[in-house]
Amino acid sequence: MKREVDLVSYLPPFMAEYSEINAVLTAENPEFEAAWRAADSVLYNEFISTADEDGIARFEKMTGVLPSQGDTLEIRRARVMSKWLSRLPYTMKMLITQLQILCGGDDFTVKRKFEGYQIDITTHLREYSQVVELGKLLGEMIPANIKIVSLNITAIKADGAAVVYSGFKLWGKHKKIKTEVKNYGLE
């Protein structure tokens, strides 16, 4: 919050008439504004959701989360919040809560196939570091006897042509195929 400091306004009217006192107090206004900014920064950095770069770096150090290069402040906050709120016992409700924090809402699906000891999770994460964090989260929360099928689908708009290489093995010989994919205006 920006606070405008005017120390002269605190003077009694008879003191405000002296130009020397006005000059001194006007010169001290920027120092008081800096003190207010520092106090606001301390207040905002007490909470993960309002922390700035320095504050979130402290939370990352406390939780052991390492930031990836190119992470935005919001992604770093989500990763720290996910780690901060993880606690035992891990339940399906807790998993859903953690996925909501990581995905920034309900942009995921979870299909439980417990009769076959499997869980299918589909997300729509755009950042690589979020996908890595999802892998860590699932590795920590899902029991070892449950098979995890995690799929991340990201919609992109492609312009131009792409070259796709694929290969197959037939009777012990490896063949390499080059395929060109044309742009059909898909989004």
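Predicted model: local features only at pLDDT ≥ 70, side-chain atom pairs only at ≥ 80, totals over all residues.
Residues are numbered from 1 along each chain as its sequence is written, and side-chain values use heavy atoms, with hydrogens and water left out.

Colleague: Is Glu 60 buried or exposed?

Modeller: Glu 60 lies in helix H3 (residues 53–63); helices (H or I, at least four residues) and strands (E, at least two) are DSSP runs, numbered from the N terminus. Buried means under 20% relative accessible area, exposed over 50%, partly exposed in between (1.4 Å probe, protein chains only). Its relative accessibility is 5%, so Glu 60 counts as buried.

Colleague: How are H4 and H6 oriented to each other?

Modeller: The axes of helix H4 (residues 73–85) and helix H6 (residues 128–141) come within 11 Å and cross at roughly 5°. Axes are lines fitted to C-alpha atoms, for helices over the stretch in contact (heavy atoms within 4.5 Å), and angles run from 0 to 180 degrees between N-to-C directions. Angles under 35 degrees count as roughly parallel, over 145 as roughly antiparallel, 65 to 115 as roughly perpendicular and the rest as oblique. H4 and H6 are therefore roughly parallel.

Colleague: Which are the edge strands of the sheet?

Modeller: The open sheet has 3 strands in the order E1-E2-E3, with mixed pairing; two strands pair if DSSP finds at least two bridges between them. Each edge strand pairs on one side only, and these are E1 (108–113) and E3 (147–152).
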